[in-house]
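Subject: Handing over a structure

Hi,

I am passing a structure on to you, together with some notes on what turned up in it. Please have a look at it first, and then read on.

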Amino acid sequence: PLTYLPLGPKQVLALASWSTCLVALAIIYKTLRSHARSPLLANAGILLLIAIAPILLSTSFGIQATNGMDTMLSLCANALVVFCALRFLEAPSSGRALGCGAATFFAVLARPENGLCAFLVPFLIWLQSGRDRRIQHHGGLVLVPAAGIAVHLMVCYAYFGTALPLSFFVKSPNAYAEFLNRENAVTYLFTFASASIFYVIVAISASSARQLRAMAPFVIPLGLTFAYLLTVRQIMGFEGRLYFPFLPYLIVPAILAFDARLREAAPGAIEAAWKGAAVLAGLIFLQPGSLVAAPMEGAYLKLIGPIDVVHPSLRIKAEEHLPSVGRVTAIRAISEDIVSKLPHGAVVAASEVGYLGATAQHVSIIDLVGLNDTTIGLGQFSMDYLMEKRPDLIWFPHPDYVALRKAMFEDPRLFERYTVIADAFDYGIAIGKDSPYREDIESRVADTFDALYGERDLSAYIASS
């Protein structure tokens with residue numbers, strides 16, 4: 001529905017993210033409001049100040065809240081799982097178990113890596129439900145979402161040729177040969193920890209044998225999920241994008257443990273001392289680049305980094321390469337000034353396809369890195385496949401995809417069938433010589449080139465084999 005507003009794609013995506021973020025935070029607040037029992041947190045203003053305000057002060061969270069990706073939808077789904085799970089624990093019943101199962105199913109559809117938390121948290125809470133525990137509750141808690149996911153996977157297999165998301169394949173550690181992306185999953189984990197440090201401190205301060213038991217159904221699945229995420233190549237990780245959807249599994253148990261501790265006796269001197277030391281350690285070490293984080297970050301980069309990689313180059317007449325205009329500027333220029341103006345039926349190949357697809361929904365887009373292309377995602381990039389698709393315009397892959405760029409630049413068909421312009425829009429482009437839209441594309445490229453690069457001669461950057 002937001003697409004009907006008089007806004008550009010960037011604004012629509014940001015508004016969608018922020019709106020979903022507000023819904024997620026409202027669910028977290030409602031959950032805490034329903035279960036907090038201390039006089040202090042019974043005050044709505046104080047509850048908002050303690051539970052919601054700290055994360056809103058985080059720059060990293062602010063990036064997630066407006067980035068236009070599915071991060072906030074995933075956050076919303078996980079908040080709903082926590083809400084339903086605690087509602088079930090409050091008064092176990094088959095109906096509430098079914099509601100919890102529906103939330104689990106929604107969370108897995110939002111992002112598959114939500115599955116560990118979405119399934120385990122309700123199950124572990126069921127184990128804590130004591131004498132009210134009934135085996136028939138498994139029908140709603142486990143069997144219903146499992147059946148829904150099974151049907152979903154079968155439909156995906158029938159339609160896409162694979163039951164699993166393509167990201168499962170293309171974001172595995174060794175999916176791309178000679179891949180230079182240095183985004184660090186460990187750094188992003190510590191970025192998340194730093195952004196949510198307030199809740200970590202609250203959890204430490206509130207910890208006791210009883211509260212640790214109450215927090216365990218949330219913290220154990222959270223730890224397992226984060227261990228898995230460390231094995232994922234977090235391309236476009238954006239300040240911990242993959243970790244922030246799991247905030248509800250930290251915020252809710254931490255604040256409720258604090259609420260419960262307020263109704264207990266004050267800690268003794270020894271307990272207060274070790275908790276103070278733990279809080280101080282958290283403030284010092286739960287930061288990217290800290291004494292704890294730095295060795296782990298370095299080890300991760302050594303593990304994923306290729307050795308002796310040589311970038312492919314193109315021969316041009318110009319004495320120097322075009323200057324970089326920056327990733328965002330390049331994406332917007334290609335998307336808004338060129339591709340969005342192409343007629344229905346045009347075909348474009350690129351690696352940076354998110355904003356491109358949102359801006360030019362009428363154009364067929366080939367995802368060169370396979371995240372949205374089953375042939376490439378399940379197999380391997382092939383110039384035979386690309387030439388068969390005959391894209392009218394190619395925006396070459398990001399330079400991090402070294403092997404992919406080599407495969408393209410070393411194939412003579414590229415230069416026989418395309419006019420290749422090196423460095424244009426940061427990564428370089430190629431215009432189909434036989435494309436029915438060639439004149440239109442060349443005209444728009446020339447105008448946009450002049451706007452970005454001033455008086456530089458475009459013809460000097462046309463590459464030869």
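Before the notes, one term: contact, or touching, means that heavy atoms lie within 4.5 Å. Please also keep in mind that this is a predicted model.

Let me start with the whole chain. The protein chain has 465 residues, of which 46% count as buried. Its secondary structure comes to 23 helices and 5 strands. Along the principal axes, the C-alpha trace spans about 80 × 45 × 45 Å. If you take the contacts between residues at least 6 apart in sequence, 73% of them join residues at least 24 apart.

Next, a residue to look up: Asn-78. Helix α6, covering residues 71–90, is where Asn-78 is found. Is Asn-78 buried or exposed? Buried means under 20% relative accessible area, and Asn-78 has 0% relative accessibility, so it counts as buried. Leaving out residues up to four places away in sequence, Asn-78 touches Ala-107, Asn-114, Pro-245, Phe-246, Pro-248 and Tyr-249. With Tyr-249 there is also a polar contact of 3.0 Å, side chain to side chain.

Now to helix α1, where Ser-17 is found. Ser-17 counts as buried because its relative accessibility is 3%. A polar atom of the Ser-17 side chain lies 2.9 Å from the backbone nitrogen of Gly-68. Gly-68 is also among the residues that Ser-17 touches, once those up to four places away in sequence are set aside; the others are Gln-64, Ala-65, Thr-66, Asn-67, Met-69 and Met-72.

Ser-17 also takes part in the packing of α1 against helix α5, where α1 brings Ala-14, Ser-17, Trp-18, Cys-21 and Leu-25, and α5 brings Phe-61, Gln-64, Ala-65 and Thr-66. Sorted by class, this contact of α1 with α5 has 6 nonpolar, 3 polar and no charged residues. Helix α5 covers residues 59–66, and its axis and that of α1 are 6 Å apart, at an angle of about 115 degrees.

Helix α1, which runs over residues 9–35, packs with helix α3 (residues 44–51) as well. How far apart are the axes of α1 and α3, and at what angle do the two helices pack? The axes are 11 Å apart and the angle is about 125 degrees. Angles of 65 to 115 degrees count as roughly perpendicular and those over 145 as roughly antiparallel, and α1 and α3 are therefore oblique to each other. The crossing in which α1 passes α3 is right-handed. On the α1 side the contact is made by Tyr-29, Leu-32 and Arg-33, and on the α3 side by Ala-44, Leu-47, Leu-48 and Ala-51. These residues of the contact of α1 with α3 divide into 6 nonpolar, no polar and 1 charged.

One more residue for your list is Arg-417, found in helix α22 (residues 412–417). Arg-417 has a relative accessible area of 37%, which means that it is partly exposed. Its contacts, not counting residues up to four places away in sequence, are with Met-387, Ile-431, Gly-432, Lys-433 and Asp-434. Arg-417 and Met-154 are 263 residues apart in sequence, and from C-alpha to C-alpha they are 40 Å apart in space.

Enjoy looking around!

Best wishes

Key:
Residues numbered from 1 in each chain as written. Predicted model: local features only at pLDDT ≥ 70, side-chain atom pairs only at ≥ 80, totals over all residues. Heavy atoms only, no water. Helix = DSSP H or I, 4+ residues; strand = E, 2+ residues; numbered from the N terminus. Buried < 20%, exposed > 50% of the residue type's maximum accessible area, 1.4 Å probe, protein only. Polar contact = N/O pair within 3.5 Å; in protein donor to acceptor, adjacent residues only side chain to side chain. Axes fitted to C-alpha atoms, helices over the stretch in contact; angles between N-to-C directions. Parallel < 35°, antiparallel > 145°, perpendicular 65-115°, else oblique. Left-handed = near helix turned anticlockwise from the far one by under 90°. Nonpolar A, V, L, I, M, F, W, Y, C, P; charged D, E, K, R; others polar.
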